[in-house]
Structures are given as structure tokens and as C-alpha cells.
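User: I would like to go through the labels on this model and see what each one rests on. Please show it first.

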Amino acid sequence: MDFTSFLRQTLNVLADVFTVLIFLRVIFSWIRSEAYGLNRFLHQTTEPLLSPLRRLLPSLGMLDLSPLVALLLIDLLRTLINSTL
């Protein structure tokens, strides 16, 4: 395995992990969960990505579009990285 394929694979795994974490955060926000530790972990790991997006997006009341935009950006970055490497 050369360095380029290792880098591509590592970035794809990181993108997959962030995608799953964002999905879990959204799902746990819809349900009342007793898993406080998991909710806290999801919030701490995804908030550095979602918070800047939330500030840039217009407010739609209770609807938070930052997870959707983050997922789209992750997919876009993954596509760009895979096409350049």
C-alpha cells in the first residue's frame, strides 16, 4: 500500500465516522434518551463542525440545517479528495 492510497483510505474512514456521529446526534436529538454520556460525546465531537455552520445559516426557528449542510460538505470534500489523490 502506497502513501496516497493510505491517505485516501484514512480520510474516507474519518468522513464515514463523522457522518455516523452526525446521524446519531440528529437521531438522539429527536428522542428522549437516557444515554447522557453518549449524548455528551456526540455533542462534543460534532459541535466543532456544526457550530460554525449554524452561525452562517439563516435561522429557521426550531429547524437546524447545520447537520444536513455538514453531511453535504463532508461528501463534497470526500469527492474532491478522492478525485485529486
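User: Is the crossing of helix 2 and helix 3 left-handed or right-handed?

Analyst: The crossing of helix 2 and helix 3 is right-handed. A crossing gets that label if the near helix is turned clockwise from the far one by less than a right angle, and left-handed if anticlockwise. Helices are DSSP runs of H or I, at least four residues, numbered from the N terminus. This is a predicted model, where local features need pLDDT of at least 70, side-chain atom pairs count only at pLDDT 80 or more, and totals for chains, interfaces and linings use all residues. Residues are numbered from 1 along each chain, and side-chain values use heavy atoms, without hydrogens and water.

User: Why is helix 2 called roughly perpendicular to helix 3?

Analyst: Their axes cross at roughly 115° and come within 9 Å. Axes are lines fitted to C-alpha atoms, for helices over the stretch in contact, with angles from 0 to 180 degrees between N-to-C directions. Roughly perpendicular covers 65 to 115 degrees, so helix 2 is roughly perpendicular to helix 3.

User: Which residues of helix 2 meet helix 3?

Analyst: Leu49, Leu50, Leu53 and Arg54. Contact means heavy atoms within 4.5 Å. Their partners in helix 3 include Pro67, Ala70 and Ile74.

User: What does Arg25 touch, leaving aside its neighbours within four places in sequence?

Analyst: Arg25 sits in helix 1. Its contacts are Leu42, His43, Thr46, Glu47, Leu50 and Arg54. The C-alpha atoms of Arg25 and Thr46 are 8.0 Å apart.

Note on methods: Helices (H or I, at least four residues) and strands (E, at least two) are DSSP runs, numbered from the N terminus. Angles under 35 degrees count as roughly parallel, over 145 as roughly antiparallel, 65 to 115 as roughly perpendicular and the rest as oblique.
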